[in-house]
Amino acid sequence: MNRVCSYCLLFLFGVSGYADDGEKWWSFVPPTKPEIPADENAIDFLLEKRLAEQGLDLSPEAEKRTLIRRVFLVMLGMPPTAGELARFEKADYAELVDFVLADSRYGERWAQHWLDVIRWAETVGFETNLERKNAWPYRDWVISALNSDLPYDQFIFEQLAGDTTGNDAALGFLVAGPANLPGQIGRDEEAMRQARQDELDEVIRTVGQSLFGLTIGCARCHDHKFDPISERDYYAMQAVFAGLTYGDRRWRGKENDEWTTRVPEVRQKLDTLKKESEKLRVGLMLHRPLDDVHTDEFEPVTARAVRMKIHATNNGGAATLYELEVWSGEKNVALASVGSRPSASSFALANQTRHFDNLVDGTVDKRQAFPWVSAKSGPAWVQVDFAGPETIDRVTWHRAGGYPADYDLEFLPSGPDDWQPLANSRKRMLRVDDTRDVKTVRLTGLTPEKIQQVADQVAKIRKAEAELARLSRGPQVYGAIFTDEPEETFVLSRGDPMNRAGRIDPAIPVSLGKLKLDPKSAEPNRRLALAKHLTDPAHPLTARVIVNRIWQHHFGTGLVETSSDFGKMGIPPSHPKLLDWLAIEFVENGWSLKSLHRNILHSRAFRQSSLPNQKAATIDAEARLLWRFPPRRMEAESIRDSILAVSGKLNRKAGGRGFDFFQQRGGLSDYRAKETFDADGWRRMIYAHKIRMQAVDIFGAFDCPDAGQMKPNRTRSITPIQSLSLMNSPFSNRQAAFFAERIRAEAGTEPPSQIDRAFLLAYSREPDLDERERLINLAAGHGLDQVCRVIFNTSEFVFLQ
């Protein structure tokens, strides 16, 4: 069943559709740069102009310590240390701005904002929600790109076409969303087409909302009800990505180069081991090892059916086969398509259509095939009955995990129902490559010493084979994989994958221009053309969308509140001229995000006080006109990171495989949250293993997204559960105890000094007399640990102001 977008629901309940009134919506018109007096700061000039219309003005500049703390929380996601606070109290503000933009914590902080936009996670979602073990390099790539101030146009290019420049990790962008695994998809044509449409739809939504700032995905089943995006536009965009699939790809780079140089050495070692193994096999009179695709040949016989009787598998588990072929000359007479009927002793996979058809469907590509798996370990059989008598001369089978290591082949003659053995059928004897556990090996006529010798040799070969396979495959990263020959794309009537209305070439929405692409272009050229289109300096959306996101995370709300929807159902900009100025200035400054940050941080608007003003609040309660700096609760990640930083336990280890919030890294249910962590779990929260559709214990209450949906605008709720979690959770209490230990070590045993130090570390200020007295009394009655526990649970600690 197709997923229904929220706009479709609005339409169904009577909200009118998009009507072309002859005028372009504001976001489809290229920005124009407003005139700014030479001696004016453009941001402040345009803000003050709007404020003056309401009889308002910017507030006075914030107190210096407050401003230093604000800059640290906004840009780095944690408060300044006592040393940093002391340093920047004496320094120029410009030095503070330069410092935070050069600090590696900046990339860690701002990467999370981007990951929210594309709902990146390290599990697949849907029914299984299994782990994507190699997804984390994309997160690290984003952090690195931001820290190095990779120009935004290049940032876009790498994520759309990183395979053309060797930046494989960047391709995690295109496959950030949920997707069904092959084993979750039925084998019938409709199920496979539907699954393919769903995974491509996730790509369209990622690209459309994050880069275009448009809900292009809403045109999947019909023309967009509000924006000038047709159903044909949707499928034309889909055609750009028709060569894309989800999965692990080779991660080129230094480590890959090192692995490649080791391949010849390991291959030589494996060849030597195999020669030794062959001598051993001949000496012990064992069968030859089986190939991945194994063929048993015999003199031609006439048969109505063939059966494989499996006595044991290579690993002692359930029997597994991908495909069973029976050949009559050059014809595979076992195919279901020629009338053959498969059967088996049992089957284990519930999603096998008609139970056994996958044994004889002709699918031998293991990336697409479903294996037959017996329901349990031990003896099993598979059988193929032909449409009529056939003269056969060989049987071929494609091995899977638990492949037959001890089996017989039989045929049913055209006469009586009396099964006969096929010539050259296997005896009940394992081969050299089949012995995994010496205790279960059954080698006829061999002493225990010889069996051990065989097992040792097999173990050496398997270890060398695994190492060669690992090195040859190279380091892996989860990202988009591309085929040289993309599949054809069709417009689907009402989004129905079985109702094709005609082929369509790759393109962008007509309302945004043309892609300038030959329809017969090679696969990468489609994505290269899209990247070129998006990074055209005159593009009406690209720069506007990203500068609005940056503005949003400085002030809490974007100039366009609906930061991933610049269409008609989005909210128009509060300051359109300012948005245009920022967009054009951004492009003129080389698409530099740090340059944009610097412009915003140096504005009076950012540096002003957050204190309320009765007159202004009456006119503009939410401070959308920015008559003051809007205070707000920090995000879950910043709260946790700040607790760790203040307690002195923050682990600054960067990059790599993430730490765990739960006892498992994937799966549909039964998640048990960890209550305590070791040092690895005290890393910044962006380095936590991200499980889709699973709220993080404690910090999930602070509206931390679960990556089930794109979340460009987080909710900022205030609830009792948040306070209860911070007050009572084992994590908070343990960190409060560490915080108390730190205070004793740095401030000594005198209560006034301890309280002063606690305030400086947590709030970047000294306590007033009343605060000091109250907390001294609390420490005297309940201990310094409880003082620290209270500090973590205050509004001042979790609020940015």
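The predictor's confidence in each residue is expressed as pLDDT, on a scale from 0 to 100. This is a predicted model, in which local features need pLDDT of at least 70 and side-chain atom pairs count only at pLDDT 80 or more, whereas totals for chains, interfaces and linings use all residues. Residues are numbered from 1 along each chain as its sequence is written, and side-chain values use heavy atoms, with hydrogens and water left out.

**View 1. Confidence along the protein chain.** The protein chain has a mean pLDDT of 91, and 92% of its residues reach 70 or more. In residues 9-19 the pLDDT stays under 50, and the model gives this stretch 16 contacts (heavy atoms within 4.5 Å) beyond four places in sequence. Residues 350-354 also have a pLDDT below 50, with eleven contacts in the model beyond near neighbours in sequence.

View 2. Rings of Phe, Tyr and Trp (its six-membered ring) are paired if their centres lie within 6.5 Å; planes under 30 degrees apart count as stacked, over 60 as edge-to-face and the rest as tilted. The whole structure contains 31 aromatic pairs by this search. The pair of Trp141 and Phe155 is stacked, because the ring centres are 5.4 Å apart and the planes lie at 15 degrees. Trp141 belongs to helix α7 (residues 136-147) and Phe155 to helix α8 (residues 152-161), so the pair ties together parts that are 14 residues apart in sequence. Helices (H or I, at least four residues) and strands (E, at least two) are DSSP runs, numbered from the N terminus. Tyr152 and Phe155 form another stacked aromatic pair, with 5.8 Å from centre to centre and 25 degrees between the planes. These two residues, Tyr152 and Phe155, are three residues apart in helix α8 and are therefore separated by about one helical turn.

**View 3. Burial within the aromatic cluster.** Ring pairs join Trp114, Tyr138, Trp141, Tyr152, Phe155, Phe173, Phe586 and Trp591 into a cluster. Relative accessible area (1.4 Å probe, protein chains only) defines buried as under 20%, exposed as over 50% and partly exposed as in between. Trp141 is buried at 13%, Phe155 is buried at 3%, and Tyr152 is buried at 0%.

**View 4. Arginine charges over aromatic rings.** A charge sits over a ring if NZ of Lys or CZ of Arg is within 6 Å of the ring centre and within 35 degrees of the ring normal. Arg70 lies over the face of Phe629, 3.9 Å from the ring centre. Arg307 is placed over the face of Trp381, at 5.2 Å from the ring centre.

View 5. Asp703 is located between α19 (636-647) and α20 (720-728). Its side chain makes a polar contact of 2.6 Å with the side chain of Arg633; such a contact is a pair of N or O atoms within 3.5 Å, where within protein one must be able to donate a hydrogen and the other to accept it, and residues adjacent in sequence count only if both atoms are side-chain atoms. Not counting residues up to four places away in sequence, Asp703 touches Arg633, Arg714, Thr715, Arg716, Ser717 and Gln722. Ala707 lies in the loop between α19 and α20 and, although not a glycine, has a positive phi of about 65 degrees. Ala707 is buried, at 4% relative accessibility.
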